[in-house]
Amino acid sequence: MSGAFLEVRNLYKSYGGIAATDHVDLDVRQSELHAIIGPNGAGKTTLISQLSGEIDPDGGTIRFDGRDMTRTPAYKRSLLGLARSFQITSLMLDMTVLENVALAVQAHAGHSFRFWQAARKDPALTEPAMAALEAVGLQDRANDIAQAMSHGEHRQLEIAMALATNPVLLLLDEPMAGMGVEESQRMVEILRSLKGEKTMLLIEHDMDAVFALADRISVLVYGRVIATGTPEEIRGDEAVRRAYLGDEVA
Amino acid sequence: MDWGLFTIQMLNGVQLGVLLFLLAAGLTLVFGIMDFVNLAHGSLYMMGAYFCATLVQLTDSFVLGVILALPLTALLGWIVELIVVRALYTHDHLDHVLATFGMILCFDTAVDFIWGPTGMAIPLPEVLDSHIDLFGGHTFPVFRILIISTGLAVAGFLYVMVSHTRIGMLIRAGASNRTMVMALGVDIGKLFALVFAVGAALAGLAGMLIAPITEASIGMGNEIIIVAFVVIIIGGIGSIKGAFVAAMLVGLIDTMGRSFLDQLLKVFMSSESAETSAPALSAMAIYILMAMVLAFRPQGLFPPKVR
Amino acid sequence: MTSLFRTGLPAFVMVAGLGFLALLPVLAEWVDNIFLIDLFMRLMILSIAAVGLNLILGYGGMVSFGHAAYLVIGAYAVGIPAYYDIYDGFLQFAIAIVASAAVALVTGAIALRTKGVYFIMITMAFAQMVYFTFVSIEEYGADDGLTINMRSEFAGLLDIEDNFTLYYFVLVSLIAVLGLVYRIVHSRFGMVISGAKGNERRMQAIGFPTYRYRLVCYVISGAICGYAGALLGNFTNFITPEMGDWVHSGELIFMVVLGGAGSLFGPVLGTAVFILLEEYLSRLTQYWHFPFGAMLILVVIFTRGGINGMFRWLGMKSGIGGRS
């Protein structure tokens with residue numbers, strides 16, 4: 001009994017003999033914002049994809065809220081309260097912003113084998129969807145086609161969709177990737193507003209954001225977790241300095 | 001069990017497999033390298049047969065006819081690549097399917113216009129138009145043995161080419177990683193045209209080999225092309241080895257099913273119900289095989305490593 | 001594949017089109033050309049099949065190259081009972097729908113495990129399997145086909161023996177199927193289907209078991225084509241397995257794409273263009289398939305499909321657009 005909300009043990013995944021996830025242990029506690037940092041190619045996205053169920057691990061276990069879900073398909077994990085955003089924007093680009101989010105709401109509103117009533121005007125879907133859009137500040141773009149939005153807005157929409165599934169755990173894969181300073185600032189605000197309310201696992205390259213937001217940080221290098229601790233502990237960790245932060249912090 | 005008959009049907013199965021391989025090889029290469037779906041591959045099979053038929057008439061020699069018809073079919077393939085296929089690489093698969101579907105209509109009509117609606121027989125020289133004796137008083141046509149050995153020779157040649165030459169290396173690399181091939185500074189346009197032309201020649205060869213038995217006829221490629229698709233799906237799209245293994249499997253299962261399934265079924269059921277269900281079942285056999293392969297290996301038996 | 005009618009034709013085109021179809025028999029009598037009724041009846045029946053195919057192809061992004069198989073299954077669902085002197089229309093149409101749905105369920109369950117070009121080829125191969133199955137059944141005429149002596153009987157409620165009545169029966173069916181598809185694509189189910197077309201991975205990540213929804217959609221689509229097949233059997237009175245040849249599946253795709261995949265009325269328009277052009281060209285020359293095929297190639301290369309794309313290519317700016 002470790003008491004961790006998300007408990008990863010000995011997780012292993014290799015591609016052609018190269019370990020992308022090398023016996024990873026990870027504990028995410030309830031309500032914390034846990035950041036994962038690491039250099040490019042450290043296997044961060046591979047790790048998150050295993051947590052969200054898109055990639056099957058070769059070995060190890062993933063426990064979420066006390067239940068084993070190592071082999072649970074992606075859609076079921078989502079229904080259990082786990083939501084992810086994608087590093088490379090992954091949306092239904094030919095649909096409107098509102099439709100994208102409404103679909104996320106719909107996924108968690110019972111089965112969708114409902115063939116008759118129009119979905120686009122269904123307040124049971126649109127109202128929670130609008131609420132999620134407001135949470136990320138996109139309410140004014142609700143009826144625009146997703147394709148027509150800027151990169152930063154796509155990232156915000158990613159978060160809104162994740163939120164709309166009413167998750168207890170958010171897996172955020174580089175939400176600030178490719179954003180300008182202002183947009184990043186806005187995203188930090190969004191994440192800060194969610195802190196305490198949702199448990200979050202955040203992958204991010206923007207160190208200012210990570211150190212400003214995270215309760216705890218794990219450092220991933222070549223698929224291994226080399227350190228876990230509070231931002232202060234990580235700053236002070238010799239191994240981390242050597243492997244990764246070296247030139248940035250010193 | 002009549003083992004002589006069994007042997008003959010085995011050989012017939014191998015012969016069908018060889019023809020399917022000739023068709024499937026081009027199809028799978030073109031798809032593996034260019035990511036292009038060519039429904040009109042069967043039309044090239046038909047064109048090969050018609051070219052050959054005409055040339056045999058003109059030269060009075062089957063061998064000469066084939067030798068001349070081969071480059072002609074390749075040339076046709078090259079032209080088709082140049083004026084139609086090339087414009088489609090940037091389109092999606094649905095567009096490939098639709099455009100090559102239009103090509104089939106054009107080819108079938110062109111044949112009707114040029115050669116007329118009735119089929120064309122290809123007479124064989126006496127040496128080929130004879131039988132050899134098998135055991136048990138059975139005989140087997142020499143020409144079918146020629147088909148089998150030609151097909152196996154081509155398979156061997158393709159294998160050596162793909163696994164041991166520079167072109168083959170590019171083809172293998174292209175099947176798994178197109179960007180890499182382009183990064184090597186290869187003129188991708190020329191490589192595509194070459195592969196398409198070779199694929200056309202192989203399909204044409206299959207047509208030339210079958211036409212002396214069935215004669216060249218309009219739409220002759222439209223049925224066998226589907227079986228060739230089944231072959232490359234089972235073998236794994238893009239894999240020559242897969243195409244060969246799957247072609248043999250499909251050829252044997254189809255032929256053996258049609259000949260012996262009723263006898264096999266009679267072991268389990270009344271001879272009457274065996275005789276009624278056997279034709280339908282044997283018609284379905286290769287599709288059932290495909291379904292089973294896909295159920296366990298959605299990418300086919302020998303999938304190319306990375307796409 | 002982009003299409004001007006991507007999101008639907010304006011309502012007046014649809015109303016005008018259906019109005020024209022409703023008046024056609026009167027028109028045909030007036031110009032004394034009964035053949036027109038046959039032509040447009042065939043057009044409407046194939047439209048129904050195209051609308052059914054569009055449900056998965058246009059809205060769901062699943063390119064099935066085997067939908068003619070369901071036409072054959074539907075036609076034989078009329079023909080085989082008729083062979084045993086059973087003409088009960090309710091029974092025949094029920095068999096048509098259930099049998100097509102069942103075949104779609106089994107083949108779809110396998111085909112939907114794959115993607116892209118594999119899916120195209122597998123649907124094609126399964127259709128060919130259906131075709132060869134009917135070819136191999138001697139009892140029902142094998143490839144010589146089967147003659148249907150009498151059209152379906154609906155317990156005295158409706159008599160479609162007369163072409164005039166059958167015409168309106170088909171028209172009402174077309175409208176009903178359009179209504180059904182309209183409802184489906186705008187429902188929650190329809191949202192899942194178009195979402196999965198746009199981004200299946202994301203749909204799974206937000207909690208949809210997309211495979212199930214796609215399979216059900218595939219089954220509905222097959223059942224609609226089966227229904228169209230039952231109408232076709234009644235219409236032609238003579239059915240052969242050849243109706244399920246993959247070439248006809250290809251034609252169905254063209255009908256959908258010509259009119260604009262993913263729009264409600266597009267397939268009807270596409271079928272109309274296809275059938276009327278076929279009719280017109282075939283009167284000009286016996287070699288009409290050549291210009292027809294060439295036109296198909298040109299449409300695909302230069303417009304990426306769709307009549308509207310053709311307009312655009314010709315430089316015609318049209319104000320048709322907007323979401324339906």
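The contact between chains C and B takes 40 residues from chain C and 39 residues from chain B. Two residues count as in contact if their C-beta atoms, placed from the backbone, lie within 7 Å. A word on the source: this is a predicted model, where local features need pLDDT of at least 70, side-chain atom pairs count only at pLDDT 80 or more, and totals for chains, interfaces and linings use all residues. Residues are numbered from 1 along each chain as its sequence is written, while chains are lettered from A and ligands numbered from 1 in the order in which they are written.

Back to chain C, on the side that touches chain B. Here α5 (116-136), α9 (246-259) and α11 (289-303) each supply at least two residues. Helices are DSSP runs of H or I, at least four residues; strands are runs of E, at least two; both are numbered from the N terminus. The largest share, 15 residues, comes from α5(C). By class, this side of chain C has 29 nonpolar, nine polar and two charged residues. Nonpolar covers Ala, Val, Leu, Ile, Met, Phe, Trp, Tyr, Cys and Pro; charged covers Asp, Glu, Lys and Arg; the others, Gly among them, are polar.

Next, chains A and C. This contact takes 29 residues from chain A and 21 residues from chain C. On the chain A side, α2 (74-79) and α3 (97-107) each supply at least two residues. That side divides into 16 nonpolar, eight polar and five charged residues.

Now inside chain A. Four strands form an open, antiparallel sheet, in the order β2-β1-β4-β5. Strands pair if DSSP finds at least two bridges between them. At the edges are β2 (18-28) and β5 (67-68) of chain A, each pairing on one side only. Five bridges join β1(A), residues 6-15, to β4(A), residues 59-64. Tyr12(A) stands opposite Gly59(A) in β4(A). Helix α1(A) packs on this sheet and touches β1, β2 and β4 of chain A.

How many residues of α1(A) are buried? Eight of the nine, so the helix is largely enclosed by the rest of the structure. Buried means 20 or more other C-beta atoms within 10 Å of the residue's own, with C-beta atoms placed from the backbone. Among the buried residues are Leu47(A), Ile48(A) and Leu51(A). After α1(A) comes Gly53(A), with a positive phi near 95°.

Last, α8(B), residues 188-214. Of its 27 residues, 19 are buried. Glu215(B) follows, and its phi is positive, near 70°.

Key. Buried ≥ 20, exposed ≤ 12 C-beta atoms within 10 Å, placed from the backbone. Axes fitted to C-alpha atoms, helices over the stretch in contact; angles between N-to-C directions.
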